[in-house]
Amino acid sequence: LDNDGDPTFNIAVDGTVDWYTFSGYRRYHAECHVCHGPDGEGSTYAPGLKESLRRIAYTDFIDVVTNGRQHGNLVMPAFGTNNNVMCYIDDIYVYLRARANEAVPRGRPPKKEDKPEAAREAEASCMG
């Protein structure tokens with residue numbers, strides 16, 4: 001967590017990403033990249049989340065993902081009932097935050113930490 005209590009990334013000097021950043025990469029590419037483009041860069045269909053994370057607060061991100069948003073003809077669907085998103089929403093946020101801060105490059109992180117027990121327990125609890 002950062003000084004405001006929001007989830008954040010931890011990247012080692014050798015480029016090893018923390019588990020949550022890696023998990024966020026995986027979950028983003030499973031659920032979000034179809035509209036928002038690879039690596040949060042955006043597409044002709046939806047805006048780049050890499051740029052959005054530079055401007056919006058964590059609570060706003062959670063609200064938009066959970067409840068959706070409509071802006072003109074653009075519609076972000078609500079994912080509040082999708083466990084594949086909501087059980088990992090902090091991970092997705094952490095990954096996009098790392099991308100927004102240029103802490104990780106495009107593509108799959110080459111090195112990651114092992115999955116911590118706390119992540120295993122949270123996943124089991126959320127996914128049932």
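Apart from its neighbours within four places in sequence, Arg 97 touches Asp 2, Asp 6, Pro 7, Thr 8, Phe 9 and Leu 53. Keep in mind as you browse that this is a predicted model. Arg 97 belongs to helix α6, and that helix also packs against α1 and α4.

- Arg 97 counts as buried because its relative accessible area is 18%, under the 20% cut-off.
- The side chain of Arg 97 comes to 2.8 Å from the backbone oxygen of Pro 7, and Pro 7 is also one of the residues in contact with Arg 97.

**Helix α1**

- Helix α1 is made of 13 residues, and the distance from its first C-alpha to its last is 18 Å, close to the 18 Å expected at 1.5 Å a residue.
- Where α1 starts, Asp 18 places a side-chain oxygen within 3.1 Å of the backbone nitrogen of Tyr 20.
- Buried residues in α1 are Trp 19, Thr 21, Phe 22, Ser 23, Gly 24, Tyr 25, Arg 27, Tyr 28 and His 29.
- Those buried residues pack against α2 (33-36), α3 (49-52), α5 (83-86), α6 (89-100) and α7 (117-127).

**Arg 27 in α1**

- Arg 27 sits in α1, which covers residues 19-31.
- With a relative accessible area of 17%, Arg 27 is buried.
- Setting aside neighbours within four places in sequence, Arg 27 is in contact with Cys 32, Asn 84, Tyr 88, Ile 92 and Glu 123.

**How α1 meets α6**

- The angle between α1 and α6 is about 100°, and their axes are 7 Å apart.
- The two helices α1 and α6 are therefore roughly perpendicular to each other.
- On the α1 side, the contact is made by Tyr 20, Thr 21, Ser 23, Gly 24, Tyr 25, Arg 27, Tyr 28 and His 29.
- On the α6 side, Asp 91, Ile 92, Val 94, Tyr 95, Leu 96 and Ala 98 take part.

**How α4 meets α6**

- Helix α4 (residues 58-67) packs with α6 at an angle of about 125°, and the axes are 11 Å apart.
- That angle makes α4 oblique to α6.
- The crossing of α4 and α6 is right-handed.
- From α4, the residues involved are Tyr 58, Phe 61, Ile 62, Val 65 and Thr 66, which meet Ile 89, Asp 90, Ile 92, Tyr 93 and Leu 96 of α6.

Note on methods. Residues are numbered from 1 along each chain as its sequence is written. This is a predicted model: local features need pLDDT of at least 70, side-chain atom pairs count only at pLDDT 80 or more; totals for chains, interfaces and linings use all residues. Side-chain values use heavy atoms; hydrogens and water are left out. Helices (H or I, at least four residues) and strands (E, at least two) are DSSP runs, numbered from the N terminus. Buried means under 20% relative accessible area, exposed over 50%, partly exposed in between (1.4 Å probe, protein chains only). Contact means heavy atoms within 4.5 Å. The expected span of a helix is 1.5 Å times one less than its number of residues. A polar contact is a pair of N or O atoms within 3.5 Å; within protein, one must be able to donate a hydrogen and the other to accept it, and residues adjacent in sequence count only if both atoms are side-chain atoms. Axes are lines fitted to C-alpha atoms, for helices over the stretch in contact, and angles run from 0 to 180 degrees between N-to-C directions. Angles under 35 degrees count as roughly parallel, over 145 as roughly antiparallel, 65 to 115 as roughly perpendicular and the rest as oblique. A crossing is left-handed if the near helix is turned anticlockwise from the far one by less than a right angle, and right-handed if clockwise.
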